[in-house]
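Me: Before I plan anything around this protein, I would like to go through its fold with you step by step. Could you look at the model below and answer my questions in turn?

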Amino acid sequence: MNICDFYSVMQIIMNNIKNSEDFSQMDLIQNVFASFIKSDDSSEFILDSAQICRWLKGQAALSPYIIKFYGKNNGMLENDIRNNIAERFVDTSMTASELYDLMQNDSSISNDKKQELFDYFDDKESFITDILMFAIERKFVAREYNPLYQLVHFHLL
């Protein structure tokens, strides 16, 4: 069962970006979290490609600096998604639908919370942002990393 966490949400986002081979993991994180990176809150923060890789594989929790920043400035995450990511989607509606399915099938989320987030489905960028914010704020649970599974899974997509 997939849970709606940062790893799963980012996998869906990455899988729906045009020409993703020309868009590195570092590029993705710099664009998704552009407001944080440009802010004074990131002055002591260094983006490390190995750490980004661990975030995107579900092996490490997202930086608490990022979580705290967007917890206080949620509107900025939506601006980052709208201005830096949405235009890169092959199909924004499909991305939102895949996130909807992920959330719908996660039995660890209450029906009330699901309905609260589903109310914004008509505005795709806002919905994507709300799901990402929900995933960012959830308690981190590390994924087991199996390189062989990742290789097979990647080729099946």
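Me: Is aspartate 41 buried, partly exposed or exposed?

Reply: This is a predicted model, so the answer rests on a computed accessibility. Buried would need under 20% relative accessible area and exposed over 50%. Aspartate 41 has a relative accessible area of 39%, and therefore counts as partly exposed.

Me: Where in the chain does aspartate 41 lie, and with which residues is aspartate 41 in contact, leaving aside its neighbours within four places in sequence?

Reply: Aspartate 41 belongs to the loop between helix H3 (34–38) and H4. Its C-alpha atom is separated by 7.5 Å from that of tyrosine 65, although the two are 24 residues apart along the chain. Once neighbours within four places in sequence are set aside, the contacts of aspartate 41 are Phe36, Phe69 and Lys72.

Me: Is serine 42 buried or exposed?

Reply: Serine 42 is also found in the loop between H3 and H4, and, leaving aside neighbours within four places in sequence, serine 42 is in contact with Phe36 and Ile37. The cut-off for burial is under 20% relative accessible area. Serine 42 has 10% relative accessibility, and so serine 42 is buried.

Me: Why do the buried residues of helix H4 line one face of the helix, and against which helices do they pack?

Reply: Within H4 (residues 49–56), the buried residues are Ile52, Trp55 and Leu56. Looking down the axis of H4, these buried residues fall within an arc of 90°, so they line one face of the helix. In general, an α-helix has 3.6 residues a turn, so residues three or four places apart point the same way. The buried residues of H4 pack against helix H1 (6–15), helix H2 (25–32) and helix H5 (64–72).

Me: Which residue caps the N-terminal end of H4?

Reply: At the other boundary, just after H4, glycine 58 takes a positive phi of about 75°. At the N-terminal end, a side-chain oxygen lies 2.9 Å from the backbone nitrogen of alanine 50, and the residue that provides this oxygen and caps H4 is aspartate 48.

Me: Which residues of H8 are buried, and what covers them?

Reply: In H8, the buried residues are Lys114, Leu117 and Phe118. Because they cover an arc of only 100° around the axis, they sit on the same side of H8. What covers these buried residues includes helix H7 (92–104) and H9.

Me: At roughly what angle do the axes of helix H8 and helix H9 cross, and how many nonpolar, polar and charged residues does their contact have?

Reply: The axes of H8 (residues 111–118) and H9 (residues 124–137) come within 9 Å and cross at roughly 145°. On the H8 side the contact is made by Lys113, Leu117 and Phe118, and on the H9 side by Phe127, Asp130, Ile131 and Phe134. By class, this contact of H8 with H9 has five nonpolar, no polar and two charged residues.

Me: What radius of gyration does the chain have, and why does that value agree with a compact globule?

Reply: The secondary structure comes to 10 helices and zero strands, and the C-alpha atoms fill a box of roughly 40 × 35 × 30 Å along the principal axes. Buried residues make up 43% of the 157 residues, and 73% of the contacts with a separation of 6 or more are between residues 24 or more positions apart. Because a compact globule with 157 residues would have a radius of gyration near 15 Å, the chain agrees with its value of 15 Å.

Notes. Residues numbered from 1 in each chain as written. Predicted model: local features only at pLDDT ≥ 70, side-chain atom pairs only at ≥ 80, totals over all residues. Heavy atoms only, no water. Buried < 20%, exposed > 50% of the residue type's maximum accessible area, 1.4 Å probe, protein only. Helix = DSSP H or I, 4+ residues; strand = E, 2+ residues; numbered from the N terminus. Arc of directions from axis to C-beta. Contact = heavy atoms within 4.5 Å. Polar contact = N/O pair within 3.5 Å; in protein donor to acceptor, adjacent residues only side chain to side chain. Axes fitted to C-alpha atoms, helices over the stretch in contact; angles between N-to-C directions. Nonpolar A, V, L, I, M, F, W, Y, C, P; charged D, E, K, R; others polar. Rg over C-alpha atoms; globule rule 2.2 N^0.38 Å.
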